[in-house]
Amino acid sequence: MIVGGSRWERDPGWKLPAAMVALAALPRLAVFPWTENLYGDAVARTELAEKWLASPHWISSFADGAFQFGPLHLYLIGAALEVLPLREHAGRAVSLLFGVLAVVPLYSLSRRLFGWRAGAWACAGFAAWGMHIQFSATAASESLAIFLVLSALALLAGGLEHVRLWPLLASAGAMNLACATRYDAWLLVPLMCATILLEGKDRVRGAKRAVLFGLLCLSFPLAWLMGNAVDHGDPLYPIRYIDDFHRRWFADGEEAWTPLGYRLQNLFFWPGAALVTLSPLVALLGAAGMVRAYRTVSKARWLVWMAVLPAAYFTVRSTLLGSFVPLARFTALQLVLPLPFLSLGLEWLGGASVRRRRLLGGAALALALALPVTLGLFTFRSESMWRNALRPVSPVSTNSPALMKVARFVGAELSRGGNSVVLDKDPRYRDIQVGFFTGLPKRRMARYRYDTFEAVLASADPKLLVRIDGGELERAADMELVPGGVRFRGRVFAELPGFEAPFHVYLRESLSEAGPTSDSE
């Protein structure tokens with residue numbers, strides 16, 4: 001569409017979204033070599049995908065290999081492991097692909113509602129979104145989920161605009177995939193059905209289309225509920241499992257912050273996450289644009305509800321009900337939705353002055369770029385209270401140097417031979433990270449966390465033992481701390497120097513006199 005006579009006013013067509021894909025790819029490719037799997041259960045997802053790949057099958061329930069995770073993401077990581085058999089990077093490659101491609105449906109959605117400039121602004125904000133940059137470089141599921149939800153919403157917008165059926169059918173297909181990835185996507189299905197019902201003037205026709213859309217969206221959820229009903233006797237077993245975990249976790253938060261303090265903190269969590277992760281000016285422009293659109297652009301009101309209602313639902317649970325612990329990454333499906341409104345917010349807050357709009361837009365972009373760069377440099381491979389607090393929203397997630405030193409040493413020390421390592425169970429799950437980054441096969445790791453512990457001990461003689469302060473090994477009946485080491489099931493292990501608390505590495509005493517093997521040197 002030509003807005004003015006100048007060639008700069010013409011709709012650039014496919015060239016702009018192609019440029020936006022390149023723009024989004026640049027920061028994600030830049031951090032990819034430096035980012036490590038840490039948050040979003042990235043390691044657990046990769047290990048489950050490895051297990052599935054060893055025996056591929058339709059995952060029908062929680063007990064069938066997915067646990068609390070959506071099965072689609074595990075399938076994709078498994079497929080990536082088949083093509084790229086590098087366990088540290090295969091799942092990350094999946095996230096990188098869908099993280100970059102997400103700008104395509106984001107541009108389509110924004111352009112359809114507000115024009116191509118809105119698409120350009122939305123994609124620019126998205127490209128600099130530091131938390132999503134991290135999503136795109138780790139094996140967590142948010143990158144895939146955001147791509148699928150944006151695809152479903154963009155197709156829904158097309159179906160509403162032209163009153164066509166096929167975009168709605170495609171949108172329902174994308175929502176099935178989103179529901180097979182993350183449970184928070186399930187909340188959008190009834191909202192999308194309500195949108196289809198209420199947007200058109202013909203209520204009867206809208207009701208028929210809404211019912212059809214809803215039924216099509218239920219394909220995966222119904223199959224998943226049925227599988228869990230068969231295996232667990234409860235169709236909602238995974239959701240109840242997650243809810244029970246959050247209730248216990250919530251009690252820990254209240255103990256740390258006091259009940260009133262913790263709930264007040266959670267009351268402002270969603271807007272706070274927007275300010276910290278999107279950057280303050282981008283969050284402000286997005287919020288202003290949503291208000292402006294709700295007042296003046298009736299065809300875009302439904303998208304405002306898609307962001308506001310799920311955020312309100314989780315806020316009620318994390319304040320009044322005490323049944324949900326908010327994390328920044330849990331806000332992702334809501335925080336991506338203000339981005340299509342950025343240009344509208346810029347026009348409203350910038351006023352009629354072109355110069356003021358340019359200054360405000362330039363400042364917003366500069367701050368949006370400076371924030372992730374600053375966070376990335378501040379948190380990269382360094383430890384402190386503030387660094388650890390901000391690392392979950394940094395564009396670069398890295399494990400602690402102390403943890404990685406243990407993992408790399410154990411991996412190198414046991415890279416040859418048939419010995420195993422005894423690995424503690426840590427309440428903060430750091431043992432999972434250590435085990436993953438050793439690179440050792442499961443048959444060489446006696447992990448106190450898993451039910452394979454005894455079988456591994458019986459099949460592979462332990463050479464090393466890793467104890468973590470506060471872990472379960474130190475309370476085990478067959479474990480005893482002795483001067484200079486530990487005694488575990490009659491074997492004495494001498495502590496090796498050079499490792500930082502809370503990690504302690506021990507070498508079996510009969511082998512300690514010779515020192516570490518040359519493989520680790």
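Residues are numbered from 1 along each chain as its sequence is written. Because the model is predicted, local features need pLDDT of at least 70 and side-chain atom pairs count only at pLDDT 80 or more, while totals for chains, interfaces and linings use all residues, and side-chain values use heavy atoms, without hydrogens and water.

**The cores.** Select Met-175 and Trp-302, the residues with the most contacts inside the largest nonpolar core, which has 106 residues. A nonpolar core is a set of buried Ala, Val, Leu, Ile, Met, Phe, Trp, Tyr and Cys residues joined through side-chain atoms within 4.5 Å; buried means under 20% relative accessible area, exposed over 50%, and partly exposed in between (1.4 Å probe, protein chains only). Next, select helix 8 (residues 142-162), which gives the most to this core, with 13 residues. Helices are DSSP runs of H or I with at least four residues, numbered from the N terminus. A second, separate core of 25 residues includes Val-410 and Ile-468.

**A buried glutamine.** Select Gln-134 in helix 7 (residues 130-135). Is Gln-134 buried or exposed? Gln-134 is buried, because its relative accessible area is 0%. A polar atom of its side chain lies 3.0 Å from the backbone oxygen of Pro-392.

**Toward the surface.** Finally, select Leu-216 in helix 11 (residues 203-217). Leu-216 is partly exposed, with a relative accessible area of 31%. Together with Leu-165, Leu-169 and Leu-212, Leu-216 makes a nonpolar surface patch of about 290 Å².

Technical notes. Helices (H or I, at least four residues) and strands (E, at least two) are DSSP runs, numbered from the N terminus. A polar contact is a pair of N or O atoms within 3.5 Å; within protein, one must be able to donate a hydrogen and the other to accept it, and residues adjacent in sequence count only if both atoms are side-chain atoms. Patches are made of residues with over 30% relative accessible area and no salt bridge: like charges are joined within 9 Å, nonpolar side chains (Val, Leu, Ile, Met, Phe, Trp, Tyr) within 5 Å. Accessible areas come from the Shrake-Rupley method with a 1.4 Å probe; for residues, only the protein chains shown count as cover. A salt bridge is a side-chain nitrogen of Lys or Arg within 4 Å of a carboxyl oxygen of Asp or Glu.
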